[in-house]
Amino acid sequence: MFQVNNSPCWDHRVSRSFSRSYTTYPQHSSVQLCAFQTLRHSVSSNWRTCTLLTTIAFLICFTSYARLWKITPKQPLKQAIEQANAYDTLLIQKGLYRIQNIVIDKPLTLIGQQFPILDIQFKNEIFTVKSNDVTIKGIEFRNVGMTSMIDWAAIKVLEASNIRILNNRIRNCYFGIYLSASDHCLVQGNDVQGNPKEEQNTGNGIHAWKCDSILIQHNHTQGHRDGIYFEFVTNSTIQHNDSQQNIRYGLHFMFSHNNGYFYNHFHKNGAGVAVMYTKFVTMKHNIFEQNWGGAAYGLLLKDISDSHIEQNSFKTNTVGVYMEGCSRSVFTKNQFIANGYALRVQANCDDNTLTYSNFRGNTFDVATNGDVVLNHVSHNYWDKYEGYDLNRDGIGDVPFRPVSLYATVIERIPQAMMLLRSFTVTLLDRIEKIIPTLTPEGMKDEKPQMKPLKL
Amino acid sequence: MNKITKYVLYDIVRNRFVMGYTLLLLAISMSFFSFESDPNKGLLSLLNIILMVVPLVSIIFSTIHFYNSYEFIELMSAQPLSRKAIFLSEYLGVAASLSLAFLVGVGIPTLVFGGDQSSLILIISGLLLTLSFVSLAFLASVITRDKAKGIGLALVLWFYFSLVYDGLVLGILFSFNDYPLEKAMLVLTALNPTDLARIMVLMKMDISALMGFTGAVFQDFFSTNYGLLVALFVLLLWVVVPVSIATRIFQKKDL
């Protein structure tokens, strides 16, 4: 049976069909669903026929029902939106609109032409979307004020589905795009730039709370507290985003299971990327770089389990990956280049595998704080490896111990950092390499690669 | 005094050893900078070499030179010249030649390839390190008349400052683990010129972020101009104090 209410007939819960559904189906589909419900009943269950017919039906429907409004800066935008009918399209012309908070409580399409500027002069938030099927495209939002009680945002979505936020510019706003208890939303091609002040006075660039099946792609966030923030978000995809120079984290998520992060670029964030308390995360082809500072990490993983971290690149971070309480996760084909620490694995991590990765030019390859190592390390390339390969199979014959003595000493006595790069330390590390005594016995790569892996 | 310094300087500059030392430093710095694409990393590798080689060469060469020119010193002492003047001009001659070698060997390539604040600090601290180890060498040389003993003492000093001292610090850290040692570490650093030079340079680099809380305390200290001045002053003390003690001994010494 098909649903008659506002929600669309296709099933978004299958994430594979999810992105396609946005591109092939127009957002007014639910109108035609209402209008041609009877038609639907007569049609056989053949899905394709149904789609074809509804598309034709939609075209007829669109011409007769939805209207197109043109709005210029002289007209009050708020009234225009109130007067518009559901499924109307509003073309907002170029210009500066000084507005109050606008609540969108019916399905509308708002399209900005040449980036009209909506300025709220730090008084409130700009759009509060409370309806399904809303599209907001090509608008510049400015000057959302700061509050402690309510998180004011340029675009706030409350308990809605099928929201599309496309190609907007958001400048100097407390929160940028804020999705709350929503599902099946698309946030694409937005450019969110905050005015960096201290951490307390700025919100997140793209914020999602308790959402499901959302797609966030090709966005740029800069100068916010967290570039992208998720809490209780599930089955979502985050890809091709660029998050940089945020005050706290480039990406921050908690309790957000079954999400995928692909081809994102996180750099120069105050504390890098932090992800916590989550299961079934997939992170592939991301770049984490230049997160330098006393408390900065490329990627901080806290209580992450059953996850895949693959083909990412960690360059010039104070700590490439910091793992605490991580279980059953797979790290493979990653690049660790020129980090302070490539990996810091706390002893409470278990059953993780680290394979086929390159470690080059890191001050410390691996540091750990205990003697017990319950993780599996093999087939990595370590530039500090000095072993030999007699049978020429590309795999070193003696195991490599990535934890240096000095790294172990520092874990116990942080003050020993004072001796960084001194001759004594080099000598101690040499001795330890020949006769290992203090470094954890279990932390070794039995099959180190002789040559860097091509990743 | 100037005349003697000039003679000593000419004598050393003509010496093949100092030429060799200059070329060695030049070769090392050039290779590091051309090897590493990032000048900062080249600087870091260079730092390791400087902390090892410069003190060693400075202290050994100065000691040997002092003993080799003993007859010259004796001859000069027969002239109507104060011993202080003879000794100090000898010191200045050796120090100037080695500093020149350092400036040509390390200074020029560093300024050409790096040229930021950290490379400047590297050059200044390397220079002061040279001076202080020459100074220590002169102290070692005046303590004993025996050349072998003198060189031995110089080697022990180098060994102590480059290796043993850090080992001792590590030992102190292990045994007083439970106490807040950050401030104490600052003092401990000041007691060794090589450590002081190393940390001064490290603090000017990215790598300082690695150093955690201790690093932060150091950073607070060294990043301010005041801290930097204090550090430079302490390094200067490491130059002045040994040589002034040596002068005092030399003045009273039975040649």
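These notes walk through a predicted model with chains A and B.

1. **Chain A in outline.** Start with the element count. Chain A holds seven helices and 39 strands. Of its 455 residues, 45% are buried. Now look at contacts in chain A with a separation of 6 or more. Residues 24 or more positions apart account for 47% of them.

2. **The sheet of chain A.** Find the open sheet, which is built from 12 strands of chain A. Their order is 4-7-10-13-16-19-22-25-28-31-34-37, and the pairing is parallel. Trace that order on the structure before you read on.

3. From one strand to the next, the twist averages 10°.

4. **Strands 19, 22 and 25.** Zoom in on part of the sheet. Strand 19 (residues 228-231) and strand 22 (residues 251-254) of chain A pair in the parallel sense, over four bridges. Here A:Ile228 stands opposite A:Leu251 of strand 22. Strand 22 of chain A is also joined to strand 25 of chain A by four bridges, and these two run parallel.

5. **Strands 25 and 28.** Carry on to the next pair. Strand 25 (residues 272-279) and strand 28 (residues 297-305) of chain A are paired in the parallel sense. How many bridges join them? There are seven. A:Gly272 stands opposite A:Tyr297, a residue of strand 28.

6. **Two helices of chain B.** Two packed helices are described by the angle and the distance between their axes. In chain B, take helix 3 (residues 39-68) and helix 5 (residues 83-113). Their axes come within 11 Å and cross at roughly 170°. Angles over 145 degrees count as roughly antiparallel, so helix 3 of chain B is roughly antiparallel to helix 5 of chain B. Helix 3 contributes residues including B:Leu43, B:Ile50 and B:Phe61 to the contact. From helix 5 come B:Leu98, B:Phe102 and B:Val106, among others. By class, the residues of this contact are 10 nonpolar, five polar and no charged.

7. **Where the chains meet.** Finally, turn to the two chains together. 18 residues of chain A are in contact with 31 residues of chain B. On the side of chain A that touches chain B, nine residues are nonpolar, eight are polar and one is charged.

Definitions and conventions: Residues numbered from 1 in each chain as written. Chains lettered and ligands numbered in written order. Predicted model: local features only at pLDDT ≥ 70, side-chain atom pairs only at ≥ 80, totals over all residues. Contact = placed C-beta atoms within 7 Å. Nonpolar A, V, L, I, M, F, W, Y, C, P; charged D, E, K, R; others polar. Axes fitted to C-alpha atoms, helices over the stretch in contact; angles between N-to-C directions. Parallel < 35°, antiparallel > 145°, perpendicular 65-115°, else oblique. Pairing = 2+ DSSP bridges. Buried ≥ 20, exposed ≤ 12 C-beta atoms within 10 Å, placed from the backbone.
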